[in-house]
Amino acid sequence: MSEAISAEQGQRLCIYTRAWRSSGAGLFAQELVAGIVDKGGDVTFVAPRAQDARFEEPRPRLRRLVPPHEQPGQGRISNIVRSLSRMALSVLFLLRARMTCRVFIVSIPDPLIVSVPALALLRLTGARIIFIAHDPLPHAWKLPAAWRWLERGTHGACYRLASAVAVLSEPSRAKMAEAFPTLRTPVCVIEHGVFVMGDPQPLRGDGLLLLFGTLRRNKGILEGMEGVLSAHAAGVPVRLVVAGGVHKEESDYARAIEECAARAPDVIDLRLGYVDDSALRDVLGASDALLLPYTDFHSQSGVALLAASNARPLIASAAGGIGALMAEGMPSVTIAQPVTARNVEAAITAFFATPTATWNTQAQRYLEHTLDVRSWQAIGAQYLALAARI
């Protein structure tokens with residue numbers, strides 16, 4: 001055992017992502033780097049400068065290669081130039097990292113037209129690639145239906161170029177097998193780590209729910225909002241904050257969300273756009289539960305882990321990895337299938353029929369379990385072990 005541990009420690013890995021915000025996929029990569037370094041790995045991190053300055057503090061065994069990223073609020077032309085610069089420099093930095101690293105961990109790379117050739121070039125040099133498939137297939141396709149074969153094929157190319165694919169839940173592994181039945185690359189499950197937003201606050205019990213994250217159709221946003229409106233009309237003292245950015249491929253869905261919220265602004269507080277850490281901490285602390293009425297979903301939910309990491313229960317469908325968390329004991333009320341406004345209303349009613357003190361006790365107990373088994377140090381150790389195997 002000691003020989004295996006020493007073989008994993010001291011490995012030099014390169015971790016690559018285009019994500020830079022310290023939330024969602026960006027925070028995933030930043031925390032993963034920290035977890036691997038904490039477990040003794042040497043990391044070259046190719047990624048734009050992190051939004052949260054603490055991830056840019058110099059550390060032993062951490063080397064940073066920093067391409068630029070887009071700047072919200074700047075002109076379209078300026079951001080196109082920044083995007084192109086990021087893509088070109090990222091490829092150059094990956095080749096530079098290849099001088100000292102053999103194993104590359106890829107999470108949310110640049111557009112596949114750029115990243116697939118870059119990954120192929122790395123493989124030609126003898127590199128080994130761990131590709132983190134947050135979702136085996138995209139939630140919203142970028143190309144028209146007639147060209148979907150090409151888009152699916154480029155996703156498949158990423159998986160075939162990898163020495164191993166890491167998914168975040170067992171349902172993701174099943175979806176991968178269904179979507180790519182001829183894939184020969186080993187697919188392993190390494191769970192999502194925790195997202196702690198300071199000292200968890202007890203539930204206030206004043207009826208506020210939070211629906212947070214990128215506003216996509218497969219997250220059942222409209223069904224969740226309609227369910228809240230129905231529960232409120234039936235006398236349940238519930239309000240809802242919907243907070244997150246609009247998915248650029250689903251602008252029509254965002255308009256429908258705005259129209260629904262406008263019907264009852266006293267019940268639904270819609271906050272479109274990026275939510276920074278301070279605002280998220282505040283709204284999370286004020287919430288009694290997170291609402292996740294997901295429909296076509298197969299991965300692990302970072303939002304569900306955010307809830308678990310901050311002692312918040314769920315009102316959620318058992319979709320993807322959320323169902324595994326529920327089966328493990330995460331405090332929750334399950335939204336029955338199919339996810340409809342009526343079923344969301346029933347779950348909300350059941351949630352508020354349970355005393356707040358009961359939810360507080362259960363959420364605190366599950367928080368302690370989550371911090372134990374899903375710390376980023378524990379996740380980092382699993383990636384180091386996988387890197388040693390390949």
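**A close look at one residue**

Tutor: The protein chain carries 40 positive and 35 negative side chains, where Lys and Arg count as positive and Asp and Glu as negative, with His and the chain ends not counted. The centres of the two sets lie 8 Å apart, each charge being placed at NZ of Lys, CZ of Arg, CG of Asp or CD of Glu. This is a predicted model, in which local features need pLDDT of at least 70, side-chain atom pairs count only at pLDDT 80 or more, and totals for chains, interfaces and linings use all residues. Residues are numbered from 1 along each chain as its sequence is written, and side-chain values use heavy atoms, leaving out hydrogens and water.

Leu291 counts as buried because its relative accessibility is 1%; buried means under 20% relative accessible area, exposed over 50%, and partly exposed in between (1.4 Å probe, protein chains only). Of the 390 residues of the protein chain, 52% count as buried.

Leaving aside neighbours within four places in sequence, Leu291 is in contact with Leu210, Leu211, Gly224, Val228, Leu240, Ile315, Ile335 and Val344, contact meaning heavy atoms within 4.5 Å. Gly245 is 46 residues from Leu291 along the chain, and their C-alpha atoms are separated by 16 Å.
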